[in-house]
Amino acid sequence: MTTQTAVEPSIWVGCLACYNAGHLIGEWVTLELGDREANETAVKEYTDTHTSDTAYPHEEWMAFDHEGIPGLKGESINEAFDILEALHGWVETYGDQIPIDVFGELHSQEFEPSEVSYFGEADSYKDVASQMVDDGLYGEIPEQLVGYIDCDAIGRDLRLNGLMEIGGHFWSPH
């Protein structure tokens, strides 16, 4: 049995000057879905306490890595905040009514339901994969082959290809 753990939205906040000088000065900061003020405070608490701890001035902070934030393409901390606000809005407004479309990419910060696929609530990536198979998203599967479908592997592929779980909700940028 495979156990999936939820990915908390987080960014690795780092100093750009240090990064350019070959030093990784930064920290993972956990963010909240839909709470921009709390997110800004969490990042500010880190950056305020690390303004002069090396020979390089810490003037510009970037999000050099992220987890649980589908569609984040650049290194903008504000873009991460924008995406989390939009995802929160979709969960509140559309629930699982957003149509599924797993192809394409998220191109802008002007979010529309057609730009991100919402897969609904599930307990694991395997459950999402199983639902997709049941819904016929992989085409009609002959009854003799149904037992050979590996939903664990499909779920793992979905996760590796960008499907994100945020608070039990599954999203895919496109």
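Which pattern does the protein chain follow, read along the sequence?

**View 1. Overall fold of the predicted model.** Read along the sequence, the chain runs β-α-β-α-β-α-β-α-α-β-β. That comes to 5 helices and 6 strands; helices (H or I, at least four residues) and strands (E, at least two) are DSSP runs, numbered from the N terminus. Of the 174 residues, 39% are buried (under 20% relative accessible area, 1.4 Å probe, protein chains only). Contact means heavy atoms within 4.5 Å. Among contacts between residues at least 6 apart in sequence, 61% join residues at least 24 apart.

**View 2. The largest nonpolar core, 21 residues.** Such a core is a set of buried Ala, Val, Leu, Ile, Met, Phe, Trp, Tyr and Cys residues joined through side-chain atoms within 4.5 Å. Ile-11, Val-13, Leu-31, Val-43, Ile-69 and Ile-77 have the most contacts inside it. Two or more residues each come from β1 (10–15), α2 (36–49), β3 (61–67) and α3 (77–93). The largest share, 6 residues, is from α3.

**View 3. Surroundings of Val-13.** Leaving out residues up to four places away in sequence, Val-13 touches Ile-25, Gly-26, Glu-27, Val-29, Val-43, Tyr-46, Thr-47, Trp-61, Met-62 and Ile-77.

**View 4. Another core, of 11 residues.** Among its members are Phe-119, Tyr-125, Ala-129 and Phe-170.

**View 5. An aromatic cluster.** Ring pairs link Trp-12, Tyr-19 and Phe-64. The whole structure holds 4 aromatic pairs; rings of Phe, Tyr and Trp (its six-membered ring) pair if their centres lie within 6.5 Å.

**Notes.** Residues are numbered from 1 along each chain as its sequence is written, and side-chain values use heavy atoms, without hydrogens or water. In this predicted model, local features need pLDDT of at least 70 and side-chain atom pairs count only at pLDDT 80 or more, while totals for chains, interfaces and linings use all residues.

Notes. Buried < 20%, exposed > 50% of the residue type's maximum accessible area, 1.4 Å probe, protein only. Phe/Tyr/Trp six-rings, centres within 6.5 Å; stacked < 30°, edge-to-face > 60°.
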